[in-house]
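Please look over the sequence and the model shown below. A short walk through some of its local features comes after.

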Amino acid sequence: MEIEMTKQFNYDDLPVIQTRQGKIRGYQSGGTYIFKGIVYARAKRFQKAEEPECWDGIKEATSYGYVSPMLQEDVPNGELMVPHRYWIQNENCQNLNIWTQSLDKMAMRPVLVWFHGGGFSMGSSIEQKAYNGENMSKYGDVVVVTVNHRLNILGYLDLSQYGEKYADSANAGQKDLIAALKWIKENIKEFGGNPQNVTIFGQSGGGMKVSGLMQMKEADGLFQKGIIMSGVPDKSYKYSDKDSTPLITALLEELNFTEDEVDKLEDIPYAQLAQAYNKVSPKLEAEGEYVGCTPKPNDFYKGEGPDVGFRKEATKIPLMIGSVFGEFYMKPQTFFKDEISKEELMKRIGDRFGDWGEELSDVFQEVYPEKNLADLLTLDTVFRCPTKKFIKEFAKSGGKIYSYLFTLEFPYQHGKTAWHCSDIPFIFHNTELVPVTNIPEISDKLEKQMFDAVIHFVETGDPNHLGIPQWPVSTEDREATMIFDRVCTVRFNFDDYLLELYKKALPNLTLANITQEDNQIQH
């Protein structure tokens, strides 16, 4: 789609939008209508989301809303790889942002709803600069929505045994997302969107939110397609269904409250609550106890499909799913891979993989003949392996699923392999906002190939378009993986043996110990 970029701003002459709760006014920039900080729900601490209160007059929707408070303060780093925006935190964080190309109720454009990363404890809808929805809306002629919701112990702390009002506390963050999707279904037509063609998509923790909602009956009918980006973690990422009593008891004791004073947890300052949690939770986590901060399988949430089986309703939702080549290996490489001698490289490979090093090297070069052998040292398994299992099990259950792997090498730190979040600017058509993603004669073409695949998928449930090779649906026994790189190709079960060898060489490599070792992990 050819877009004429014009400098334009409009506010005074824009029509007022009537939502279910009241009237709002946004603004127009460069042809795109933008609405920020729209409140979609309200909730008391630890309690379920409810509809926002109605209002008289016209509310401005021109400023981003609050983001959820965090358990720890973010430390800016890795900004070349993942440029961030830090924002004001407050528990009243149930708000969303909208980008659209028209306010015609009859336009019925596809709707994309973005769930941010950061696991279930960190992040926000605007945290990364690449989350900006303007280009996606403009170039894809779609309506884009990004959502904030309650995180960490605000969104995922099981207090259900302490009273009916806490019945939803273990999954309050997911309840927020469902409230947002209900608001979208009721109101998005006013913004030119089609409430019957909604795709939810997310990366890392956002991808986990997509797969989680697929396993929740209350979300049925609120979305029709899903995209999961680096969002299927290994077994070290716990969705515990254990009793939360040890955690709550420890919290109460740390705060000098009695068992009869649980209600006081609702009212103490969040900073005090977070401090107490951060003090008592590490010991309990080490003992394998429930520590919250992730969804809890119960009557509301069945659990992840590959582990407990996919609901039949989930298998009716077409999916795009994938990961990136390097994922969590974000630290600078300690050598220049194009200059290191073969002998020195093999020594490093041997130091990492032991007796498996030589065979792994041979197989890696067969699987990735276009890559430098040094890239074996940064190859991801902690997301790629469980993603492959998800694909297999979803296809086995009758679901329609498309697999991809983003393997681009970047002109940074002498040829850095694709890291966690590096595919987001391409999916959002926002490489212009992330300088490190700009590679002459490469980025524009690859961005269009990936972006057009997303737009075709949200329109039709099929990502195929003329700019990429034919991309088949994966089956239980035949994973058809689209390789997004300088040259896009489709390969079938191509890395099965390589990953099998890798796991034999490093059987204890998990997401948990990788993130403990590297404090530069980005979300």
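Predicted model: local features only at pLDDT ≥ 70, side-chain atom pairs only at ≥ 80, totals over all residues.

Residues are numbered from 1 along each chain as its sequence is written, and side-chain values use heavy atoms, with hydrogens and water left out.

An unreviewed UniProt entry annotates residues 15–482 as "domain: Carboxylesterase type B"; such annotations may be inferred rather than shown by experiment. This span is 27% helix and 15% strand, and its end C-alpha atoms lie 43 Å apart. Helices (H or I, at least four residues) and strands (E, at least two) are DSSP runs, numbered from the N terminus.

D141 sits between helix 1 (134–140) and strand 9 (143–147), and has a positive phi of about 55 degrees although it is not a glycine. Its relative accessible area is 28%, so D141 counts as partly exposed; buried means under 20%, exposed over 50%, and partly exposed in between (1.4 Å probe, protein chains only). E441, in the loop between helix 11 (424–427) and helix 12 (443–460), also is not a glycine and has a positive phi, near 65 degrees. With a relative accessible area of 80%, E441 is exposed.

E358 belongs to helix 9 (residues 357–367) and is exposed because its relative accessibility is 59%. Together with E359, D362 and E366, E358 forms a negative surface patch. Like charges are joined within 9 Å, and nonpolar side chains (Val, Leu, Ile, Met, Phe, Trp, Tyr) within 5 Å. Asp and Glu count as negative, Lys and Arg as positive, while His and the chain ends are not counted.

Key
Patch = residues over 30% accessible without salt bridge, like charges linked within 9 Å, V, L, I, M, F, W, Y side chains within 5 Å. Areas by Shrake-Rupley, 256 points an atom, 1.4 Å probe, with all protein chains shown as cover. Salt bridge = Lys/Arg side-chain N within 4 Å of Asp/Glu carboxyl O. Charge placed at Lys NZ, Arg CZ, Asp CG, Glu CD.
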